[in-house]
Amino acid sequence: MNIEPHDIIPSDASDSAGPVFEDFAGNHAENPAAQGVEALEAVHDVPVKVQAVLGRARMPVGELLQLGSGTVVELDRRVGEPVDIFVNDRLIARGEVVLIDNALGVTLTEIVRQDR
């Protein structure tokens, strides 16, 4: 069996206990591994770039220069396929596009584990 550089964990995985950092929210006396939670507070205000990629397209510069209002650009994804979620250019999840109060959002459906 071929193994890709990353494994995809379905959102309904039986060993999933919730958010990635859920263990840090517990009582420090009961969970010695969570004693460093104060150290995480230092990064709470660090800005990160989050991207939801609907799809991609390649085209020559000449075609790009001819694009105008109303032009349709065909992407490499089909309707209903999950969108890729990147944080600082690293794939972390996949999800579905949703509409919330006239704004687009993404519901995460899969967390991507990238083994090093």
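Predicted model: local features only at pLDDT ≥ 70, side-chain atom pairs only at ≥ 80, totals over all residues.
Buried here means under 20% relative accessible area, exposed means over 50%, and partly exposed is anything in between (1.4 Å probe, protein chains only). Residues are numbered from 1 along each chain as its sequence is written, and side-chain values use heavy atoms, with hydrogens and water left out.

**The chain overall**

- The chain has 2 helices and 5 strands; these are DSSP runs numbered from the N terminus, with helices being H or I of at least four residues and strands being E of at least two.
- Going along the sequence, you get the pattern β-α-β-α-β-β-β.
- Of the 116 residues in the chain, 13% are buried.
- The chain's accessible surface is about 9700 Å², and carbon and sulfur atoms own 54% of that; areas come from the Shrake-Rupley method with a 1.4 Å probe, and for residues only the protein chains shown count as cover.
- Take the contacts (heavy atoms within 4.5 Å) in the chain with a separation of 6 or more: 38% of them are between residues 24 or more positions apart.

**R94 and its partner**

- R94 sits in strand β4, which covers residues 90-100.
- The side chain of R94 makes a polar contact of 2.9 Å with the side chain of D84.
- A polar contact is a pair of N or O atoms within 3.5 Å; within protein, one must be able to donate a hydrogen and the other to accept it, and residues adjacent in sequence count only if both atoms are side-chain atoms.

- β3 and β4 run antiparallel and pair over 5 bridges; two strands pair if DSSP finds at least two bridges between them.
- F86 stands opposite L91 of β4.
- This hairpin has 2 residues between its strands.
- N88 is in the loop between β3 (83-87) and β4, and has a positive phi of about 50° without being a glycine.
- D89 is in the loop between β3 and β4 as well, with a positive phi near 65° even though D89 isn't a glycine either.
- For background, most residues other than glycine have a negative phi.
- N88 counts as partly exposed because its relative accessible area is 45%, while D89 counts as exposed because its value is 54%.

- I100 stands opposite A103 of β5.
- There are 2 residues between β4 and β5 in this hairpin, and D101 in the turn has a positive phi of about 50°.

**A nonpolar patch on the surface**

- L54, L64, L67, V73, L75, V97, L99, L104, V106, L108 and I111 form a nonpolar surface patch with about 960 Å² of accessible area together.
- Patches are made of residues with over 30% relative accessible area and no salt bridge; like charges are joined within 9 Å, and nonpolar side chains (Val, Leu, Ile, Met, Phe, Trp, Tyr) within 5 Å.
- A salt bridge is a side-chain nitrogen of Lys or Arg within 4 Å of a carboxyl oxygen of Asp or Glu.
- β4 and β5 each supply at least two residues of the patch, and β5 gives the most, with 4 residues.
- L104 lies in β5 and counts as exposed because its relative accessible area is 71%.
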